[in-house]
Amino acid sequence: MTVSIFNTLANKKVPLETLEPGLVKLYVCGITAYDYCHIGHARSALVFDMLVRYLRYRDYRVTFVRNFTDIDDKIIKRAAEQQTTCEELSERFIREFHADMAALKTVVPDLEPKATEHLPQIIRLIEELIAKGHAYQRGGDVYYRVESFVGYGKLSGRKLEDMQAGARVSVNEEKENPMDFALWKGSKPGEPTWESPWGPGRPGWHIECSAMSREYLGDTFDIHGGGKDLVFPHHENEIAQSEGASGQPFAKNWIHHGFVTIKEEKMSKSLGNFLTIREVLADHHQEVLRFFVFTTHYRNPLDYSDTALKDSAVGLERLYSAIAALERLPAPAAQAVPTIGPEERGKLATLEERFQEAMDNDLNTAQALGVIFEAVKDLNRLRQQLPTPAAPADLEFLQGIGALLTRLCGIMGLLSEPPAAFLLSLRAQELSELTIAPEEIEQLIVERCEARTAKNWQRADEIRDQLLAAGVELKDGAAGTTWQAKKD
RNA sequence: GGCGGCGUAGCCAAGUGGCUAAGGCAGAGGUCUGCAAAACCUUUAUUCAGCGGUUCGACUCCGCUCGCCGCCUCCA
């Protein structure tokens, strides 16, 4: 079995073949650091987090590079608005980004290069493009000559003629072709500048990724990724720059994930319909967000809503509960007769295989979660059928499945916490929303227990209803009464 | 205008040229319980937007229609 991934360049799903056996060189376009990240950025981070974890699980070594754009029109504008420097602004939001990533517990990239720290490489690349006829200078600007690159449009499936027909290309007398894009922008007063052969200025948006991926991964590498909105023009232009300069193929595989939408509309800064990562994490455990993200295939749109997050929380809790129940099982007895037969082990025995099949199929986490839940169902059933005490072999089997589930879920960053602690913390969060103090609840439970012992059902029900009204649900078990916050 | 994607049960969401159309949430019935809750079991699409076509056979391939969304300008 091999990992197959949808490659935007080939426009189809292809088996992953790496340049060096067992090594994946991955470059992901990171953020432009000028504002807090929204959950669209979170999806991006989580999708590539899952990719890296899965590849490593499949025994690949992964070199993971994710850049920061720390010089750009939006940064200049925002810095001016906030009466600060571009440097201060971008550094501040890179810090905030790191805080968000830490909260999401994402895998840390091997390298996180910044555009402003690679000016020499950028300038060298532009010089190379000029020398090869792919770029030209106009005043203090340098433009890429799109017509000089025959493959222009091959990633996004567009033709130059079609695009020029569109009226949305900004008119610029300086350019030979309206589709030509800036590699170097001569500076205006007050803007951050770097010295260059074309005078003081700053790099265009696309060139940094070509320069930095080349610096750390070489002319050709395995996977380049980002959101679907980067396909054109950003990634198309990267290909033109990199292949134009090196004459070598750039990224072999292009992975693009879908957007997060709200009420079916793309979440974006310009529409103002975005939620920041920290806003969401204030109300939801990070694994709930992960669960939500991975219930949908990464290339499809993901519609955010409170209901969807609540559903995800319930699903995740079901996962944790199954594992926690396993941990609470009493010790086995050597003389007990095993009850789980080979036929019952059969389906669970193929769990990992079926999980891999789903993940190999273009990282189909939705399908993989389906496999996980099927196993949870079997696991719960077998556990409940276990005699007390159970045979050591049976217990070992179920705990082995539990451990495997934990490991597989870990690829999506799920079940990363000790189950009992997770369920407790979930309860703590629910607790904070209650209007009644835990001590008072405990006291009422004691009182109800006495009433029940006296078979005073009326009083017992009265107390239960009273607590229910306060949002507390009671659970009478063999070991006594426990309670939990009522789910709505 | 150009290019691309999507439309599967109440909601979310996989999937496939022929095998029971996964799974989650919600709902219903049952086991358990003094009653509940939890857990478990059973159950919820003769059907995959609509209409045609290809095929022995399509939800899956092709065409058209309708609806929704995205890219073509900064965007994850």
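Analyst: The domain bounds used here come from an automatic or database domain assignment. The model itself is predicted. On that assignment, chain A is split into domain 1 (4–278), domain 2 (306–426) and domain 3 (434–485). Taken over C-alpha atoms, the centres of domain 1 and domain 3 are 58 Å apart.

Now the rings. Searching the whole structure gives 12 aromatic pairs. One of them is formed by F221 and F250, with 5.2 Å from centre to centre and 85 degrees between the planes. Planes over 60 degrees apart count as edge-to-face, and the F221–F250 pair is edge-to-face. F221 belongs to strand 9 (residues 221–227), whereas F250 sits in the loop between helix 7 (231–246) and strand 10 (251–257), so the contact ties together parts that are 29 residues apart in sequence.

Both partners are shielded from solvent by the accessibility criterion. Buried means under 20% relative accessible area. F221 has 0% relative accessibility and therefore counts as buried; F250, at 1%, counts as buried too.

R299 lies over the face of F6, 3.9 Å from the ring centre. K266 is placed over the face of F259, and here the value is 4.4 Å from the ring centre.

W184 is in strand 7, where it stands opposite V142. Strand 7 (residues 181–186) pairs with strand 6 (residues 141–144) in the antiparallel sense, over three bridges. These two strands are part of an open sheet of four strands, in the order 5-6-7-8, with antiparallel pairing. The edges are strand 5 (135–138) and strand 8 (201–203); each has a single partner strand, so one side of each is left without a neighbour in the sheet. On average, neighbouring strands of the sheet are turned by 20 degrees against each other, direction ignored.

A helix goes with this sheet. Helix 4 (residues 119–131) lies across strand 5, strand 6, strand 7 and strand 8. Its direction is at about 120 degrees to strand 7.

Methods: Residues are numbered from 1 along each chain as its sequence is written. Chains are lettered from A and ligands numbered from 1 in the order in which they are written. This is a predicted model: local features need pLDDT of at least 70, side-chain atom pairs count only at pLDDT 80 or more; totals for chains, interfaces and linings use all residues. Side-chain values use heavy atoms; hydrogens and water are left out. Rings of Phe, Tyr and Trp (its six-membered ring) pair if their centres lie within 6.5 Å; planes under 30 degrees apart count as stacked, over 60 as edge-to-face and the rest as tilted. Buried means under 20% relative accessible area, exposed over 50%, partly exposed in between (1.4 Å probe, protein chains only). A charge sits over a ring if NZ of Lys or CZ of Arg is within 6 Å of the ring centre and within 35 degrees of the ring normal. Two strands pair if DSSP finds at least two bridges between them. Axes are lines fitted to C-alpha atoms, for helices over the stretch in contact, and angles run from 0 to 180 degrees between N-to-C directions. Contact means heavy atoms within 4.5 Å.
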